[in-house]
Amino acid sequence: MFATLTTLFGWAAAIGLIYVTFLLARNSDAGLKYIQHRADMLPQAMLVRYGGMSLLAVLAVWFNAPRMLFAILLSFAVIGLGDAFIYRRAGHPFWMHLAVGIVTGLGAVIALISIP
């Protein structure tokens with residue numbers, strides 16, 4: 001029963017995040033309004049996001065869960081490379097994002113290879 005509930009919550013979270021991603025991609029102002037975020041508060045919100053992402057990575061290593069670590073590192077790579085693309089296109093410094101995207105992508109490949 002709990003496995004089914006876990007799966008349902010997982011799919012609900014994924015569908016919700018995909019919907020928010022779609023909203024933000026189509027109209028960032030409307031998307032931010034829908035998720036009740038304000039552009040001027042994003043630095044503080046990012047602090048919480050980075051803390052949450054750090055916790056995910058630490059827990060995956062602590063639980064010795066290479067599948068989970070692969071997924072987390074792959075998502076970090078997508079975030080880093082996506083940010084690098086956005087900042088490069090706007091003419092801003094982007095090397096840190098690019099480096100993080102490449103390193104976490106490499107880590108994801110290593111985690112994938114280490115899956116028994």
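## Helix packing and pockets

Met 53, Leu 56, Ala 57, Ala 60 and Val 61 in H3 meet Met 68, Leu 69, Ile 72, Phe 76 and Ile 79 in H4 (meeting, or contact, means heavy atoms within 4.5 Å). That contact is made of 10 nonpolar residues, with no polar and no charged ones. Here Ala, Val, Leu, Ile, Met, Phe, Trp, Tyr, Cys and Pro count as nonpolar, Asp, Glu, Lys and Arg as charged, and the others, Gly among them, as polar. Keep in mind that this is a predicted model, where local features need pLDDT of at least 70, side-chain atom pairs count only at pLDDT 80 or more, and totals for chains, interfaces and linings use all residues. Residues are numbered from 1 along each chain as its sequence is written, and side-chain values use heavy atoms, with hydrogens and water left out.

**H3 against H4**

- H3 (residues 42-62) and H4 (residues 66-89) pack at about 150°, with axes 8 Å apart.
- Axes are lines fitted to C-alpha atoms, for helices over the stretch in contact, and angles run from 0 to 180 degrees between N-to-C directions.
- Helices are DSSP runs (H or I, at least four residues), numbered from the N terminus.
- H3 and H4 are therefore roughly antiparallel (angles over 145 degrees count as such).

**H4 against H5**

- H4 and H5 pack at an angle of about 160°, their axes 7 Å apart.
- That makes H4 roughly antiparallel to H5.
- On the H4 side, the residues in contact include Phe 70, Leu 73 and Tyr 87, while those from H5 include Leu 98, Ile 102 and Ala 108.
- By class, this contact has 15 nonpolar, six polar and one charged residue.

**The largest pocket**

- A pocket is an open set of points on a 1 Å grid over the protein atoms alone, where a 1.4 Å probe fits, with protein on both sides within 12 Å along at least five of seven lines; lining residues have an atom within 4 Å of a point.
- The largest pocket has a volume of about 1400 Å³ (the space filled by probe spheres set on the points).
- Its lining counts 26 residues, and Thr 21, Leu 24, Arg 49, Ile 79 and Asp 83 lie nearest the centre.
- H1 (2-26), H2 (28-34), H3 and H4 each give at least two residues to that lining.

**The second largest pocket**

- The second largest pocket holds about 200 Å³ of space.
- H3, H4 and H5 (95-113) are the elements that supply two or more of its lining residues.
- Among the lining residues are Tyr 50, Phe 76, Asp 83 and His 97.
- The lining splits into seven nonpolar, three polar and one charged.

Technical notes:
Parallel < 35°, antiparallel > 145°, perpendicular 65-115°, else oblique.
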